[in-house]
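Let's take a friendly walk through a protein model. Have the sequence and the 3D view ready.

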Amino acid sequence: MAAASAAARMLPDGGADDEERWLAEGIAGVQQNAFYMHRALDSNNLKDALKYSAQMLSELRTSRLSPHKYYELYMRAFDEMRKLEMFFREETRRGSCSVVDLYELVQHAGNVLPRLYLLCTVGSVYIKSKEAPAKDVLKDLVEMCRGIQHPLRGLFLRSYLSQISRDKLPDIGSEYEGDAESINDAVEFVLQNFIEMNKLWVRMQHQGPVREKEKRGKERNELRDLVGKNLHVLSQIEGVDLDMYKETVLPRILEQVVNCKDDLAQFYLMDCIIQVFPDEYHLQTLETLLSAFPQLQPSVDIKTVLSQLMDRLSNYAASSPEVLPEFLQVEAFAKFSNAIGKVIEAQPDMPVVGAVTLYVSLLTFTLRVHPDRLDYVDQVLGACVKKLSGKAKLEDSRATKQIVALLSAPLEKYSNIVTALELSNYPRVMDYLDNATTKVMAVVIIQSIMKNTTCISTSDKIEALFDLIKGLIKDMDDGAQDDELDEEDFKEEQNSVARLIHMLHNDDHEEMLKILCTVQKHILLGGPKRLTFTVPSLVFSALKLVRRLQGQDGDVTGEDVPATPKKIFQILHQTIEALSCVPSPELALRLYLQCAEAANDCDLEPVAYEFFTQAFILYEEEIADSKAQITAIHLIIGTLQRMNIFGVENRDTLTHKTTGYSAKLLKKPDQCRAVYACSHLFWTDDQDGIMDGERVLLCLKRALRIANAAQQMANATRGSSGSVTLFIEILNKYLYFFEKGIPQITNTVIQDLIELIRTEKQSDNTVADPSAEAFFSSTLRYIEFQKQKGGSIGEKYEQIKTSS
């Protein structure tokens with residue numbers, strides 16, 4: 001019984017199944033009476049036509065149907081009423097009945113609802129006949145419709161009135177235009193109908209049990225267009241010019257919107273006003289329109305409506321540059337800014353996301369309408385800071401998203417982070433982001449710089465920039481560790497910082513040095529995990545400056561010194577030294593060697609020697625992995641071979657150390673390869689380069705001994721001598737230096753080595769190695785090629801026999 005009672009309360013008199021039945025009965029009643037009405041129309045029987053039409057319209061008196069179902073029933077009756085209107089028009093045209101008599105006759109219908117529908121129908125014909133001024137008939141109709149105060153029935157009745165009268169208003173240029181005041185009557189008619197319909201629409205919310213409030217809200221939402229159509233009709237009236245809109249139409253509409261105190265009606269109607277009336281009207285009545293917003297109910301979604309208004313006006317400004325002076329004339333920005341401040345003040349409980357969304361819209365408006373006014377942009381950001389002041393970092397994801405949108409807008413508009421750096425409130429807004437979002441915003445900023453290839457050229461701006469992207473360049477103070485981050489995300493973030501460092505540039509050497517010092521200060525505070533990403537970028541940026549300064553020198557004592565290579569190398573030494581806390585000795589060694597080579601090009605022997613010394617210390621004390629040692633020793637050999645600045649003593653010291661390290665590698669093959677690589681340290685092609693054939697030959701012989709020892713060790717441990725690849729590699733080194741003309745490398749030495757390789761290959765203990773066979777064959781073919789080629793090189797090769 002309780003369930004049945006609850007179901008019955010869902011609708012005024014029954015449940016959903018009953019509603020379908022009632023609708024079917026109502027439609028059947030409409031169709032049946034329409035049938036008899038048509039028969040009466042066909043026989044020109046006016047009395048029966050009115051009788052059956054009134055009975056048909058009586059079906060609309062029901063209170064049992066929901067708005068959706070009632071609309072279905074209404075449309076059935078509406079279609080029939082169009083036919084009745086055509087009949088009335090034909091009757092009056094033929095003179096069978098005067099329109100005045102007809103207008104009086106229909107008022108004798110028994111029930112008020114059918115009577116008013118008939119009255120509106122005849123009123124349409126009455127206006128069409130022009131036997132009475134349209135304004136008088138419309139005024140009469142709109143007043144008499146007050147007789148229906150049931151919200152649903154009254155709404156549809158007035159909607160019918162609006163529908164049949166919209167093409168018969170006494171508008172300028174209309175066939176029904178009357179005297180000079182008729183336009184006021186047309187506007188008054190539509191406004192009155194709108195006001196009454198809105199009252200009925202709002203009243204629907206307050207009828208019925210409280211528990212069905214949400215259901216009534218949904219039903220009302222389905223009916224909103226019935227009310228909104230009146231505003232559309234108003235916007236289509238030709239006589240409504242800017243003055244009338246400003247003096248009469250807008251104030252009357254806003255008065256009704258504010259006074260109805262219904263959040264659904266206020267939101268929808270404010271949206272309607274913005275959508276249906278022209279943009280130039282909004283611009284010229286901005287103060288009046290905006291004054292209504294703070295008076296709306298706190299539950300109204302003001303941010304959406306205001307945002308739509310600003311979007312429309314910014315599009316209007318973008319569509320035609322000629323209108324921009326109007327925006328300045330009416331002080332649009334100031335009015336919007338003031339209105340948003342009042343709305344936020346009037347709604348102290350407004351969520352942060354709502355306030356920030358309003359500022360995002362205002363900023364978007366400002367950037368589109370006044371892109372040259374950075375003071376306006378900064379003012380918006382300052383207002384946002386004021387709203388956020390006193391609050392901790394944002395935790396609401398929606399508010400955070402809006403803050404990111406707020407901060408991203410200037411970057412997208414100006415395509416230049418330098419412009420954003422001029423906004424004093426920009427970093428203050430960023431301070432309210434949580435650490436994760438601060439990083440996201442920092443990446444957005446760097447991506448903007450990369451995309452637009454922005455050149456940031458002063459240390460002050462770089463200081464400000466690094467303050468903005470501090471989430472990427474140092475650990476934040478919330479205790480969260482980067483270890484908790486996804487490793488790939490962390491690498492991508494740090495790589496973006498590294499790319500940023502390469503974008504920093506100034507043609508002035510002094511300013512560039514300041515930039516490097518600023519970057520160094522920040523990245524050295526970034527924690528050990530970041531240094532491996534950021535230090536190399538700083539080092540290579542500094543080395544670029546060194547190349548530009550080659551040949552300059554000076555006293556480097558004190559702080560305010562000119563930019564000289566020595567000064568920069570001091571900074572580089574400090575920077576690379578910081579990698580010791582990571583630790584990352586392999587990277588530090590590479591960077592020391594790069595700096596040594598740069599010092600070589602600048603003729604700074606002591607500096608270059610110091611960098612080599614640091615590289616050797618790292619090799620001895622920090623690099624223990626055998627593979628890392630191999631890579632490091634070959635890097636050292638390659639760099640040292642290119643150095644031409646060292647005196648005999650320094651060079652001997654370094655080459656001696658290098659050959660010593662090479663011979664101490666863990667595996668014999670690695671020793672062999674490192675030692676024969678050292679042979680290049682004693683013979684260079686430069687004009688003033690070292691050419692010591694004796695020591696070249698000494699290195700190659702030592703490599704042969706190591707290769708031979710490797711063969712013997714393999715034979716002792718595995719029972720086979722292994723491959724002869726090492727001997728073939730050494731042979732190729734001999735050939736290289738043979739062609740360079742080293743007198744100690746003779747064709748006899750090469751011939752003996754070829755025979756040695758053949759002997760080793762034919763040994764029973766040697767394992768067959770196809771790759772070694774191919775390598776050796778290729779080497780012999782090269783010798784034959786040089787013979788056939790002739791010339792001085794060919795003559796040298798003539799004495800060497802490649803065939804066995």
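Below we look at the whole chain and then at two spots in it.

This is a predicted model, in which local features need pLDDT of at least 70 and side-chain atom pairs count only at pLDDT 80 or more, while totals for chains, interfaces and linings use all residues. Residues are numbered from 1 along each chain as its sequence is written, and side-chain values use heavy atoms, with hydrogens and water left out.

**The whole chain**

The chain has 39 helices and zero strands; helices (H or I, at least four residues) and strands (E, at least two) are DSSP runs, numbered from the N terminus.

| Property of the chain | Value |
|---|---|
| Radius of gyration (over C-alpha atoms) | 46 Å |
| Box filled by C-alpha atoms, along the principal axes | roughly 135 × 65 × 60 Å |
| Residues that count as buried | 51% of 804 residues |

A compact globule of 804 residues would have a radius of gyration near 28 Å, by the rule of 2.2 Å times the number of residues to the power 0.38.

**Helix α3**

Among the buried residues of α3 are Leu46, Tyr52 and Met56; buried means under 20% relative accessible area (1.4 Å probe, protein chains only).

**Pro151**

Is Pro151 buried or exposed (over 50%)? Pro151 counts as buried because its relative accessibility is 2%. Pro151 sits in helix α8 (residues 151-165) and touches Leu200, Arg203, Met204 and Gln207, not counting residues up to four places away in sequence; contact means heavy atoms within 4.5 Å.
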